[in-house]
Each structure stands twice: as structure tokens, then as C-alpha cells.
Amino acid sequence: MSKCTLPLCVSDFFQPDGFIGVNIGTALSDMPSPTQVVALLKAQNIRHVRLYDADRALLLALANTGIRVTVSVPNDQLLGIGQSNASAANWVARNVIAHVPATNITAIAVGSEILTTLPNAAPVLVSALKFIHSALVASNLDGQIKVSTPHSSSIILDSFPPSQAFFNRSWDPVMVPLLKFLQSTGSYFMLNAYPYYDYMQSNGVIPLDYALFRPLPPNKEAVDANTLLHYTNVFDAIVDATYFAMSYLNFTNVPIFVMESGWPSKGDSSEPEATLENANTYNSNLIRHVLNNTGTPKHPRIAVSTYIYELYNEELRPGPISEKNWGLFDANGMPVYTLHLTGGGTVLANDTTNQTFCVAKEGADPKMLQAALDWACGPGKVDCSYLLQGQPCYEPNNVVAHATYAFNAYFQKMAKSPGTCDFKGVATITTTDQSKQ
């Protein structure tokens with residue numbers, strides 16, 4: 001606790017240590033089973049997740065894992081819940097009470113970006129929050145489960161300099177009672193912060209390095225002329241603009257959790273900065289920034305807990321190519337890229353230099369290898385299209401190389417679970433120290 005004696009000293013209300021969580025979207029044609037999802041979370045040491053609904057099968061799979069879960073009221077259910085205390089109570093009974101304490105549900109996100117995507121529901125947003133919270137109070141769960149609603153950063157106008165930022169005043173009739181609710185229940189402001197979009201929409205005004213957390217020379221840092229605070233990245237500027245916007249409405253003790261942030265790894269011709277390298281750079285630097293408890297210029301050393309968007313690439317999402325490529329992993333559990341996180345914390349084990357693979361055993365019977373390869377590409381549901389002629393993994397065209405690809409793809413898909421590198425004795429586990437390559 002702070003030694004500061006002000007009655008609303010910000011560090012008295014905020015948690016000093018931040019965490020990294022991951023959003024789990026499900027718009028995949030080959031969505032992994034709940035058991036596979038949880039196996040991947042465990043293998044990557046991901047301890048905080050946010051679901052976009054309250055999927056029963058996934059909540060059951062998360063039981064007794066200790067993983068902290070935020071469940072969500074989908075937007076299409078918001079109107080009903082915001083207009084009926086009984087509907088809210090039924091939703092909580094079905095989607096929360098039925099799963100706790102085995103499943104460690106710690107928050108409920110009521111809708112998503114309602115003010116900007118579903119404005120007709122805005123008048124009932126605060127009622128929905130209050131009704132959900134009342135149902136938790138009735139079950140004595142309000143102490144462990146927070147209730148809030150995620151906002152797009154676009155509800156903030158004049159976001160730079162941060163000290164001049166304010167919420168769109170047309171939303172004051174919603175925002176003021178919403179902030180009062182968050183304050184009175186000890187909850188937090190849920191913010192979706194996407195420097196990628198800020199960069200794309202700036203028409204070159206925002207430097208790419210500034211968006212990606214890359215080191216900047218002092219003369220390239222952005223300075224808030226009113227506070228003389230120096231900003232070295234867009235993420236901090238967005239978060240501080242939100243703090244200032246809340247203080248403009250006289251709320252100075254509501255912490256911010258960033259519920260979505262990330263960078264796409266692939267885009268079309270109009271999205272040249274949606275690349276593997278930039279996605280890796282942004283997410284690696286963001287994770288390090290949060291776990292180092294750096295804080296923001298306005299609130300240094302008070303970390304902003306953040307959920308990465310997202311766990312899997314969702315190829316069924318509509319829109320440009322980038323919309324389908326925000327994931328850290330493909331559906332088979334293979335990392336889209338290996339995060340540069342050495343020394344940056346324990347979350348996301350694909351940052352380690354020692355990589356474990358499942359490979360064809362030396363000297364194995366070719367007929368046995370072929371049979372195991374056929375199984376992996378068939379019942380094992382490994383995507384073996386990369387092994388076809390003309391595809392990246394066709395060469396070398398032999399059963400050992402092709403089997404090694406398929407065996408390892410299955411092994412990674414099953415989150416390196418024990419026994420998934422057996423293949424009737426024709427496969428073995430090997431470890432490569434990539435730091436020496």
C-alpha cells in the first residue's frame with residue numbers, strides 16, 4: 001500500500017503486479033476440443049483467460065485447473081438481461097453458479113464495445129451490470145467475481161496529449177453511472193487498446209517503432225506539453241488517455257485492465273505492417289512491459305494487466321486477411337511465431353530456447369512409419385497439406401521427413417502431452433537448444 005495520505009491515492013486501489021491473459025475466440029473451422037484448449041493453456045503456463053461467452057464444455061474443462069476465467073455476456077443477450085433482473089439471475093445461475101468454485105471464474109464482461117457497436121443497447125448497459133452484480137451478491141460471489149464491460153478506445157476523443165483526453169460527451173448519461181458502479185463495487189474499467197489500428201489510421205503520423213514498443217531516441221518520444229510526461233509507446237498513451245478521461249469526470253480510483261491488445265501477423269496489400277515480425281515484436285514487448293510492472297507515465301510501477309488478442313488464428317472471421325491472423329497459435333497448437341521473451345516472465349512457454357519436438361525414430365521400419373504417418377494425417381487430424389508436391393514441406397520427399405512433420409504437428413497440437421509422441425514405437429522426443437543455432 002502507498003504511504004500517500006490522499007484519500008483517493010491511486011496506488012491504494014490498484015494492484016501493483018500485472019498479469020498477461022489470453023482471449024479465446026472460436027471462429028475456427030477445426031476448433032480444438034475443450035480438453036485440447038486447456039492442455040495448450042497448461043503447457044504455455046497461461047493462468048488468465050477471457051471467453052467471449054460462457055461455453056459450458058470449456059468451463060467444465062477448465063475446472064480444477066486454477067486458471068482464472070473471465071466469462072462474457074454476448075451482445076445479443078444484453079438487451080434481455082438489461083431489462084430483466086430475473087433474466088440476469090438466470091444467466092448467472094446457469095453460467096456462473098453452476099461452475100464455481102471448481103472453475104475459477106473471477107470476472108464477467110457484460111457485452112463488448114456496446115457504445116460503439118450496439119448503441120441502441122447503451123441505455124440498458126448499466127442496468128445489465130447492476131442486475132448481474134445483484135445476482136452475484138445474492139449468491140455471496142460478489143467478493144470474488146468482478147463485473148464490468150469492455151470499451152473500444154475510440155470512445156475517447158482527443159487522445160493525444162493524454163492529459164487533454166475526454167470521453168465522447170454524448171455518452172455521459174451512460175459513462176458517469178457506469179464509473180460510479182465500477183467504483184462502488186471495486187471493479188475495473190475494461191479497455192480494448194489496439195496500437196495497430198491507431199498506427200494504420202494515423203496516415204504516417206505515428207511512427208511504426210512508437211507503435212511496436214521499439215526503443216526511441218529521446219527526441220523521438222512524444223511529450224505531453226501539459227504534464228511534461230514522455231511517452232515511448234502508443235499503448236501507454238492510450239491507457240493514460242483513459243485515466244485522464246476518467247479523471248475529467250472526477251473518477252480517479254478505477255483501475256484499467258486491457259481486455260484486448262495484439263498485432264496481426266498477416267494482412268492483405270493494404271495492410272503492409274501486418275507481418276510475423278511486427279506481431280512478434282509487439283506482443284513480445286507488450287508482455288515484457290506488463291510483466292516488468294513498468295506501468296505508464298501517469299502511473300509508473302502500477303502495471304496494466306492485459307489480455308492478448310488472441311490464442312488461435314480465427315480463419316472464419318469476416319473482414320480483411322488481418323482479421324483472421326491475430327492468433328499466437330494455429331488450430332493444431334503450433335505457434336504462429338516464437339515470442340522473443342527470454343527473461344521476460346513465465347507466461348507462454350514458447351518463449352523458451354529449448355524446444356521439444358516429436359520426430360521419427362532413427363532406423364524405424366519404413367512400413368510402420370508410413371502407417372503411423374497415414375494415421376496422423378487421417379484420424380489424427382493433422383493438416384498434412386504442407387507435405388503435398390509443390391508445398392513448403394514436400395522436400396525432402398521421403399517417409400522419414402514426412403512422418404517427422406506429421407508426428408510433431410500432432411505432438412504440438414496435443415500440447416506436448418505425455419504419450420502423444422508414441423506412434424507405436426516409431427517416434428521419439430528430441431530437444432533442440434535454439435539459442436545455439
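**Cysteine pairing.** I numbered the bonded cysteines of the protein chain in sequence order and read the pairing as 1-4, 2-3. A disulfide here is a pair of cysteine sulfur atoms within 2.5 Å, and by this rule I count 2 disulfides. I note for the record that the model is predicted, that local features need pLDDT of at least 70 and side-chain atom pairs pLDDT 80 or more, and that totals for chains, interfaces and linings use all residues. Residues are numbered from 1 along each chain as its sequence is written, and side-chain values use heavy atoms, with hydrogens and water left out.

**Cys358 and Cys421.** I looked up this disulfide and found an S to S distance of 2.0 Å, with a right-handed link at 85 degrees about the S-S bond. The pair connects distant parts of the chain, 63 residues apart, since Cys358 sits in strand S14 (residues 354–360) and Cys421 in the loop between H14 and strand S15 (427–433). For these labels, helices (H or I, at least four residues) and strands (E, at least two) are DSSP runs numbered from the N terminus. Both Cys358 and Cys421 are buried, where buried means under 20% relative accessible area, exposed over 50% and partly exposed in between, with a 1.4 Å probe and protein chains only.

**Cys377 and Cys384.** The S to S distance in this disulfide is 1.9 Å, and the link is left-handed, with -85 degrees about the S-S bond.

**H13 against H14.** The axes of H13 (residues 366–377) and H14 (residues 399–413) come within 9 Å and cross at roughly 40 degrees, the axes being lines fitted to C-alpha atoms over the stretch in contact, with angles from 0 to 180 degrees between N-to-C directions. H13 and H14 are therefore oblique to each other, given that under 35 degrees counts as roughly parallel, over 145 as roughly antiparallel, 65 to 115 as roughly perpendicular and the rest as oblique.

**H7 against H8.** The axes of H7 (residues 125–138) and H8 (residues 172–185) come within 9 Å and cross at roughly 20 degrees, which makes H7 roughly parallel to H8. The residues of this contact divide into 7 nonpolar, 2 polar and 1 charged.

**H2.** In H2 (residues 34–43) I find Gln36, Val37, Val38, Ala39, Leu40 and Leu41 buried, and they pack against strand S1 (20–24), strand S2 (48–51), helix H3 (56–61) and H14. Asn45 follows H2 with a positive phi near 55 degrees.

**Ser261.** Beyond its neighbours within four places in sequence, the residues in contact with Ser261 include Tyr194, Phe235, Tyr282, Leu286 and Tyr307.

Conventions:
Contact means heavy atoms within 4.5 Å. Ala, Val, Leu, Ile, Met, Phe, Trp, Tyr, Cys and Pro count as nonpolar, Asp, Glu, Lys and Arg as charged, and the others, Gly among them, as polar.
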